[in-house]
Amino acid sequence: MRFPFRQFIVKAHGRCNLACTYCYLYEGPDSGWRSRPAAASAEVLGRTAARIAEHARAHALERLSLVLHGGEPLLAGAATLARFTTEVRERVPSGCAVHAVVQTNGTLLTEDRLTVLADAGVRVGISLDGGTAAHNRRRVDHAGRPSWPAAARGARLVAARFPASYAGLLTVVDPALDPVQTYESLLALRPPALHLLLPHGNWTTPPPGRTGTRYGDWLCAAFDRWWAAGRRETRVRLFEECVALLLGLPAATEALGLAPFDAVVVETDGSIEQVDSLKSAYPGAASTGLDVFRHTFDEALGHPGVAARQEGAAALAGQCRACPLLRVCGGGHYAHRYRAGHGFRNPSVYCADLQRFIRHVADRLAGAAAPDPSPREGGAP
């Protein structure tokens, strides 16, 4: 069974004003970005809007997610992003809600640009490695200068002046940083939501510092700080969805669970691709050979790579299918399963870390559900 795309990731600009030393997109094995236009043309954006509307109409979508991405999408100009978002909304059926967000490194955010985006109903997500200059030492520009002053200024501007437009922060886990300090430093930027991602690595190219359950331990410590707060200081998607899955509730994330994959990417030249994370595996891993000028998104649904990601448990390694944590873990992120010569039908390179984290969250849930053993007032049993 095919599931329609509901998340459309559009590369408005294919270059970045930063040169982060660990970037899997520009420093990884796939250098396809070099041969593509720096920015998506008006023709590419117009055709993409038409294809999104066509897909929404064909599948009677009631809502879809439009992610304006890059590179650094603000290099395309806030006005361009706003016009494109408006065009998508005008083209989709009247009953389809378009939830738009721009994912930026925050350095180019100004009051004028944020006003343009807010007026167009585009929310702002910011990528940071933590909430201090020390956490972001590897996020530098092409001259080697630190990005933190501009990024922090942008994040604080959104929080203070455009809170309704603030989508949240995205942070890649670095086990070398203290998890509680990292979490609390991000809280200081007042995000409504926090997305914690494991670095894109695999069995052939392991993530940095992967020993034992180092990443799992980091997530457990951050979870405990979040869980023990006594109130929801911010939403942490990975934590909330792990809890939901353990309770038998539905959840939709690439990192956990067996929900059908529903994201597709349009590159600056109009190429239709699978998500960028696959580019961390090998050159061309995200390619489909399709483009918005000659092909529909329904044709992309038939691509073997997309189809494999919609098979659920059937697409997983036997070890994963036999695991008692299957319904929660879901095999982990697809890109993290790759092993050269064996493809993606392997457990996640973070298998031990995910087991550590999920079992830890399950223990916290069990403890919260256990009856209070303390005697009642007056000595009553």
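Is F344 buried or exposed? F344 counts as buried, since its relative accessibility is 13%, where buried means under 20% relative accessible area, exposed over 50% and partly exposed in between (1.4 Å probe, protein chains only).

The structure is a predicted model, in which local features need pLDDT of at least 70, side-chain atom pairs count only at pLDDT 80 or more, and totals for chains, interfaces and linings use all residues. Residues are numbered from 1 along each chain as its sequence is written, and side-chain values use heavy atoms, with hydrogens and water left out. The pLDDT (the predictor's confidence in each residue, from 0 to 100) averages 94 over the protein chain, and 97% of the residues score at least 70.

Aromatic pairs were assigned to rings of Phe, Tyr and Trp (its six-membered ring) with centres within 6.5 Å; planes under 30 degrees apart count as stacked, over 60 as edge-to-face and the rest as tilted. By this rule, 15 aromatic pairs are counted. Y282 and Y338 form a tilted pair, with 5.2 Å centre to centre and 40 degrees between the planes. This pair links distant parts of the chain, 56 residues apart. Y282 is partly exposed at 30% relative accessibility, whereas Y338 is buried at a relative accessible area of 10%. The pair of Y334 and F344 is stacked, with 4.6 Å between centres and 20 degrees between the planes. Y334 is likewise buried, at 11% relative accessibility.

Methods: Helices (H or I, at least four residues) and strands (E, at least two) are DSSP runs, numbered from the N terminus.
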